[in-house]
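Dear colleague,

I am handing over the structure we spoke about, with the sequence alongside. Please have it open while you read the notes that follow.

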Amino acid sequence: MDKIRKSEDEWRRELDPETFRITRQHGTERAFTGKYHDSKAPGVYRCVCCGTPLFDAATKYDSGSGWPSFYQPVEGEVITEVTDQSLGMTRTEVLCAVCDAHLGHVFPDGPHPTGLRYCINSASLDLEEKA
């Protein structure tokens with residue numbers, strides 16, 4: 001996959017302020033406020049910044065956390081994981097592998113078959129619904 005590299009000013013012009021804050025400045029949306037936290041629509045969730053397919057809706061589940069949660073990304077190397085030591089704790093941050101957009105975090109308390117919970121900001125996603 002080819003990396004997409006843009007300046008902060010380019011991203012700021014392309015994204016609304018909230019999406020920019022979350023995806024480019026590693027922010028988060030308040031729990032239970034994102035447009036996809038309760039969505040059950042079938043389809044593919046893509047990176048809002050570059051359109052890369054990230055998660056299939058079939059892997060989405062209700063974790064009770066208030067953010068869209070998935071137990072695995074789509075096939076391929078679409079997610080990059082990095083250690084996040086902000087807020088006085090150690091977590092694993094997940095980024096889009098193509099454009100480095102901040103998506104959320106992954107935790108080892110998810111369901112089978114992976115045991116993972118990708119806790120993702122709705123503002124980082126764009127759902128391409130299936131008919």
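Two strands are taken to pair if DSSP finds at least two bridges between them, and it is in this sense that bridge partners are named below. An example is Lys60, whose bridge partner in β4 is Phe70. Please keep in mind throughout that this is a predicted model.

Overall fold

The chain contains two helices and nine strands, and from the N terminus on these elements run α-α-β-β-β-β-β-β-β-β-β. For 131 residues a compact globule would have a radius of gyration near 14 Å, and the chain agrees with this because its own value is 14 Å. The C-alpha trace spans about 45 × 40 × 30 Å along its principal axes. Of the 131 residues, 44% count as buried, while the chain exposes about 7200 Å², with carbon and sulfur atoms supplying 49% of that area. Among contacts with a separation of 6 or more, 54% come from residues 24 or more positions apart.

Six strands form an open sheet with antiparallel pairing, in the order β3-β4-β8-β7-β6-β5. The edges of this sheet are β3 (60-61) and β5 (79-84), each of which pairs on one side only. Strands of a sheet pair through backbone hydrogen bonds, either parallel or antiparallel.

Strand β1 and its two partners

Strand β1 (residues 43-47) is mostly covered, with four of its five residues buried. It runs antiparallel to strand β9 (residues 125-129), to which five bridges join it, and here Tyr45 stands opposite Leu127. Three bridges join β1 to strand β2 (residues 53-56), again in an antiparallel arrangement, and in this pair Val44 stands opposite Asp56. β1 and β2 form a hairpin with five residues between them, and in the turn Gly51 has a positive phi of about 85°.

Is His102 buried or exposed? This residue is found in strand β7 (residues 102-107), and it counts as buried because its relative accessibility is 2%, where the cut-off for buried is under 20%. Leaving aside neighbours within four places in sequence, His102 is in contact with Ile22, Thr23, His26, Gly27, Glu93, Val94, Leu95, Asn121 and Ser124.

Backbone points to look at

One of these contacts, His26, has a positive phi of about 60° although it is not a glycine. His26 has its place in the loop between α2 (17-24) and β1, and it counts as partly exposed, with a relative accessibility of 45%. Phe32 lies in the loop between α2 and β1, and its phi is near 65°, a positive value in a residue other than glycine. Phe32 is exposed, because its relative accessible area is 51% and the cut-off for exposed is over 50%. Finally, the peptide bond from His112 to Pro113 is cis, with omega near 15°, and Pro113 is found in the loop between β7 and β8 (117-120).

With best wishes

Methods
Residues are numbered from 1 along each chain as its sequence is written. This is a predicted model: local features need pLDDT of at least 70, side-chain atom pairs count only at pLDDT 80 or more; totals for chains, interfaces and linings use all residues. Side-chain values use heavy atoms; hydrogens and water are left out. The radius of gyration is taken over C-alpha atoms; the globule rule is 2.2 Å times the number of residues to the power 0.38. Buried means under 20% relative accessible area, exposed over 50%, partly exposed in between (1.4 Å probe, protein chains only). Contact means heavy atoms within 4.5 Å. Accessible areas come from the Shrake-Rupley method with a 1.4 Å probe; for residues, only the protein chains shown count as cover.
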